[in-house]
Amino acid sequence: MSHRAGRHFLQIPGPTNVPDRVLRAMDRPTIDHRGPDFSRLGRAVLDGLKPIFGTHHPVIIYPASGTGAWEAALVNTMSPGDRVLMCETGQFATLWRNLATRLGLRVEFIAGDWRHGADAAAIEARLAADTAHEIRAVCVVHNETSTGVTTRVPDVRAAIDRARHPALLMVDTISSLGSIEYRHDDWGVDVTVAGSQKGLMLPPGLSFNAVSNKALAASQKATMPRSYWSWDEMLGPNKGGWFPYTPATNLLYGLHEAIVMLNEEGLDNVFARHARHAEATRRAVRAWGLEILCADPREYSNVLTAVVLPEGHDADRLRALILDHFDMSLGAGLGRLAGRVFRIGHLGDFNDLTLAGTLSGVEMGLELAGVPIAREGVRAALDWLIEARRPTALPREVVSA
Ligand SMILES: *Cc1c(COP(=O)(O)O)cnc(C)c1O
């Protein structure tokens, strides 16, 4: 392929653009992971992650993709044949369900239409009917990356509490952590699953389990076979900043820098920035005359927007055209949404002008692909970004990017 001038726009909802500061931080020698320098790095990232998860409890780091942390959450807490309750919010919830099934768990999957978040009322009803307390865990995806729908985790917690049910609450935050507000402790989550390559602005390759005391206690009784994923093996060495096997040292350098960056900006400002860009994107989509896949405005994702194309137009063809002409990657429709939707990622290392460029590429692509739109989307988004900058328009934290 010939040289393409300028930067590639990686606007899929993960992996996200890796900031130069993170790339520079990783561009260092790999050190002895049993030597004295390493333990300082290990302790710094293990401690530094806790406020990002909103927890005072341990966070475990695996050299693995997010899928590994899904598996770790289950094999550490469950026994063969245990029942778990999951919700069909989209492709990622479906993949977690498939993984749990392959591990030998009995999964009940509450059906969904891929346009809504987890149904707290349905969870409450199912748990209330489970008087024998056979269901061991409720697993939900916080930000369903295939649909652009965010589940309100506190509502799920409240549903479990109203049913007075002892099931563990496990939450996949792979695409929300560091982008949308999340509070592991305050929301009563037992295991939080996360990954490096989305809101944390790192390359793929790290994933995480944040673990409550209740989850730790469950792990002492759980009998699923586990070795590589075992929390026990990790927690001992982690106290001194060590790992039981070779950690992904250079990714940990990057993680350290990403934590510093999130703290410099301030997590609340990071969340407000994502909210501002998400709202601007939705205004663009509506102004184009296209449909947002998420059906409930209370569940709009601040991380990505999935856009439905009109009947007779192929979203994959549109994405190929935009990649070809404008060197921008957009997210494909996944699973049952293939060809019908495309996804605009607006998360991570991302500012007003990145959004303006992204939406300009989409608008030009829609026009070139012959999708009937009003060419008003970019304008509507810019209007919103301007409003957000006016001194009196919004609380200060919303405008300080
Ligand atoms: C990306 C993603 C995953 C999968 O993570 P991998 O790192 O690809 O294994 C799982 N769940 C959600 C919500 C995601 O966004």
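Predicted model: local features only at pLDDT ≥ 70, side-chain atom pairs only at ≥ 80, totals over all residues.
Local features were taken at pLDDT of at least 70 and side-chain atom pairs only at pLDDT 80 or more, while totals for chains, interfaces and linings use all residues. Residues are numbered from 1 along each chain as its sequence is written, and side-chain values use heavy atoms, with hydrogens and water left out.

**Helix pair**

Helices (H or I, at least four residues) and strands (E, at least two) are DSSP runs numbered from the N terminus. Helix H5 (residues 120–129) packs against helix H6 (residues 153–162) at an angle of about 20°, and their axes are 8 Å apart. Axes are lines fitted to C-alpha atoms, for helices over the stretch in contact, and angles run from 0 to 180 degrees between N-to-C directions. H5 is therefore roughly parallel to H6, a label for angles under 35 degrees. The crossing of H5 and H6 is right-handed, that is, the near helix is turned clockwise from the far one by less than a right angle. On the H5 side, the contact (heavy atoms within 4.5 Å) is made by Ala120, Ile123, Glu124 and Leu127. H6 contributes Asp155, Val156, Ala159, Ile160 and Arg162. Six of the residues in this contact are nonpolar, none is polar and three are charged; Ala, Val, Leu, Ile, Met, Phe, Trp, Tyr, Cys and Pro count as nonpolar, Asp, Glu, Lys and Arg as charged, and the others, Gly among them, as polar.

Buried means under 20% relative accessible area (1.4 Å probe, protein chains only).

| Residue | Relative accessible area | Class |
|---|---|---|
| Ser146 | 0% | buried |
| Ser212 | 8% | buried |
| Ser329 | 19% | buried |

Ser146 sits in the loop between strand E6 (143–144) and strand E7 (149–150). Its side chain makes a polar contact (a pair of N or O atoms within 3.5 Å, one able to donate a hydrogen and the other to accept it; residues adjacent in sequence count only if both atoms are side-chain atoms) with the side chain of Glu144 at 2.7 Å. The Ser146 side chain also reaches the backbone nitrogen of Gln91 at 2.9 Å. Beyond four places in sequence, Ser146 touches residues including Phe92, Trp114, Leu293 and Arg343.

Ser212 lies in the loop between strand E10 (207–211) and helix H7 (213–221). The side chains of Ser212 and Asp190 are joined by a polar contact of 2.7 Å. Leaving aside neighbours within four places in sequence, Ser212 is in contact with His184, Val189 and Asp190.

Ser329 belongs to strand E13 (residues 328–332). Not counting residues up to four places away in sequence, Ser329 touches His8, Phe9, Leu10, Gln11, Ile12 and Leu323.

Definitions and conventions:
Parallel < 35°, antiparallel > 145°, perpendicular 65-115°, else oblique. Buried < 20%, exposed > 50% of the residue type's maximum accessible area, 1.4 Å probe, protein only.
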